[in-house]
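Biologist: I'd like to go over the charged pairs in this one. Can you take me through them?

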2 protein chains.
Amino acid sequence: MRATEATDQGTLGEAIAARLADLATISDEPDRLTRLYLSPAHRKAADLVAGWMREAGMTTRIDAMASVIGRLEASDGGTKTLLIGSHIDTVRDAGRFDGTLGVVTAIEVIKAAHQAGKRFPFAIEVIAFGDEEGVRFDSTLGGSKALAGKFDTKALDETGDDGVSRHQALIAFGCDPSRLPEAAVSPQHILGYVEVHIEQGPVLEKEGLPVGIVTAINGVTRAAVEIDGVAGHAGTVPMPMRKDALAASAEMLLAIEARGRAQQNLVATVGKLDVPGSAVNTIPGRVCFTLDVRSPSDQKRVRAVAEIRQSLEAIARRRGCALQVAIGHEAAAAICNEQLSDRLAAAVEDLGITPRRLPSGAGHDAMAFDKIIPFGMLFVRCRGGVSHNPDEYASPADIDIAARVLLNFLERIGSQ
Amino acid sequence: MRATEATDQGTLGEAIAARLADLATISDEPDRLTRLYLSPAHRKAADLVAGWMREAGMTTRIDAMASVIGRLEASDGGTKTLLIGSHIDTVRDAGRFDGTLGVVTAIEVIKAAHQAGKRFPFAIEVIAFGDEEGVRFDSTLGGSKALAGKFDTKALDETGDDGVSRHQALIAFGCDPSRLPEAAVSPQHILGYVEVHIEQGPVLEKEGLPVGIVTAINGVTRAAVEIDGVAGHAGTVPMPMRKDALAASAEMLLAIEARGRAQQNLVATVGKLDVPGSAVNTIPGRVCFTLDVRSPSDQKRVRAVAEIRQSLEAIARRRGCALQVAIGHEAAAAICNEQLSDRLAAAVEDLGITPRRLPSGAGHDAMAFDKIIPFGMLFVRCRGGVSHNPDEYASPADIDIAARVLLNFLERIGSQ
């Protein structure tokens, strides 16, 4: 079904799904969906999205960081603005829902309201950010950080694999980086920021729920762990005389898993593990692995990392191995605004659906607004929890529910 | 000290160490010791060793598989022959003791006997095999297998990385592969085979003993294990919903280690472990690792492999992961001859040294003689148990003890 037909005849969910299909044809690579920040495909997608915004009754602009912004003025000259957004950049070989779902859902909801002659007592800005996935440059969330007034201009010098800097890429896209300060909003004029996004996890599917309300975007600690034991011949060194770095690591991995399991709303993952110079007949002398700990509670996360470290040290000591733990990336949790979340929950309940609250394990643009602009997020069930993959899927029926929740939510905000 | 001076003035151990230093200068690579089977360096080393054999009173020949053989006739027309050997090929970037120690020690012991006018009531053949490390061709132990009459001529078609076949390389070396049958001994005329070799493990060093008597060359089972779980986002999949292939593997590794530790004279090692397509923020969906189980007891080894398999299956089942265990290389243990071992032990005791018996975790040419020719082995302490590495080291004092044990052993055989 084509988008133009869908908006006239189908459900909102079907219309959104059709537009997501259109958007998925815009890629930097011929046979898979890859739309990196400030790429030709990003430019084309930005123009398509801006056109949809105008069709939905909004005026549009593209700010200094290439965020596409569609504005629907308030009905009664209200001075406040509600932001609704997500992103239209993708990872390499992406699915079609991550980010784009939130942008298109917002546009279609505004369009439906516009077509029904509906106005709200506050302005609405729908934002399509372009720098959420962090694939092209070292730092990420450039669009939302600029909007929050906290973009560090040093990041303009970052270069991607093609040697092109963020500054150069912005100019090539048609942006003027010198106008960055104008991209920042005045927080006192902002009601808040709301984002619809696929869950990218399996919780809603497991519980048979189409949508859920996000409590917080998890904080994260990453670390690089190195274990040094003693390499040896697999045939000649008796078991009691070994200092096997891989066996030590195995014990550590189980300790990490156990600590992750010991509390709700905490996850601890070892994603990479390497045994340099390994051979089938050699006792591993060195192992490197990564650690990723996340929680909506910073306190929980910090305590878990400290306790994991203690466990690892005890295991290394007992096994006569040397241990190095280098803490890398660390980010605090971003807590969703209670009032916005409560209204999203009320809108979900209005549809007869249990308002399940859950943390977000993945990062989102909303993080950039932490302690600056109140924000809330609505998650949509996705099949198998799969994301960052062409198999990513959310059903038109679930998307339709998300759209109706968003519309209901706007009315609730408007009625206060 | 040069070998020629050493034999006149120093201990046997010093003489042997000096000749090992000479031999270590013969390499296929300029900056490290690499002497592959049938290479130019092997040819040069074979000629040097043959010269030393003649200097020691032996007649020499090179057989169809490029084994260098020096023969000392019996004193009284005795028809039996004792074989003493090891190998002069090396791994890449090798140490100077692995293999060559046994060849040079045998030559220097015969030389000492010869210079003292001593003869034995049996002939002695000192053999320098050339195909023990198995670096150049797929199969290995070609020299000892030919001698045992069990070389499979199909192996002549094997080609190394340079595209040269074993057959072609033998001809280039100066051998005639068609005369292979002549390389086989008549077992009824052979008293046995004895080999001196560095331990390549840490047991003798730990126990403060210069030498030890080998009980058996361990049998080995190798397997490739694959675990399939479900990949997922490290942030979004709650711990109880994960099927983490790496966490499952960690539990398996500890089960393997525990089974290896549960019995003496059994080792179980996971040498390689790979997490294909891993990323710091991805729950591992697939892990491949290797298993290497060795024991001087085939029964112990087979039972341990079966029990490990059961443990792995139980862990995979409990964690909802799929498991594949593919058994690869399997070799039965080769048991050392009791009479030869007892005489080696008696010779060790004669020097006031505790005759420690221990299995060999690594493979040796003697394996080719299993159930065909009785064999015994004497291990020499090596520093840190290190082998296959330039840091490989056995002290002249320990080598001297090994040489005196071998001489005493020859006298014990002769006196019966």
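Modeller: One term to begin with: buried means under 20% relative accessible area, exposed over 50%, and partly exposed in between, with a 1.4 Å probe and protein chains only. The model is predicted, so local features need pLDDT of at least 70 and side-chain atom pairs count only at pLDDT 80 or more, while totals for chains, interfaces and linings use all residues. Side-chain values use heavy atoms, without hydrogens and water.

Biologist: How many salt bridges over all chains?

Modeller: The count is 59, taking a salt bridge as a side-chain nitrogen of Lys or Arg within 4 Å of a carboxyl oxygen of Asp or Glu.

Biologist: Which residue does Arg319(A) form a salt bridge with?

Modeller: Glu251(A), with the closest N and O atoms 2.7 Å apart. The pair links distant parts of the chain, 68 residues apart: Arg319(A) is in the loop between α10 (298-318) and β13 (322-331), and Glu251(A) is in helix α9 (residues 245-261). Helices (H or I, at least four residues) and strands (E, at least two) are DSSP runs, numbered from the N terminus.

Biologist: Is Arg319(A) buried or exposed?

Modeller: Arg319(A) is buried, at 13% relative accessibility. Glu251(A) is buried too, at 18%.

Biologist: Switching to chain B, what does Asp162(B) meet in a salt bridge?

Modeller: Arg136(B), at 3.1 Å from N to O. Arg136(B) counts as buried at 17%, whereas Asp162(B) is partly exposed at 49%.

Biologist: And Asp370(B), what does its side chain meet?

Modeller: Lys371(B), in a salt bridge of 2.9 Å. Asp370(B) is buried at 17%, but Lys371(B) is exposed at 77%.

Terms used:
Residues are numbered from 1 along each chain as its sequence is written. Chains are lettered from A and ligands numbered from 1 in the order in which they are written.
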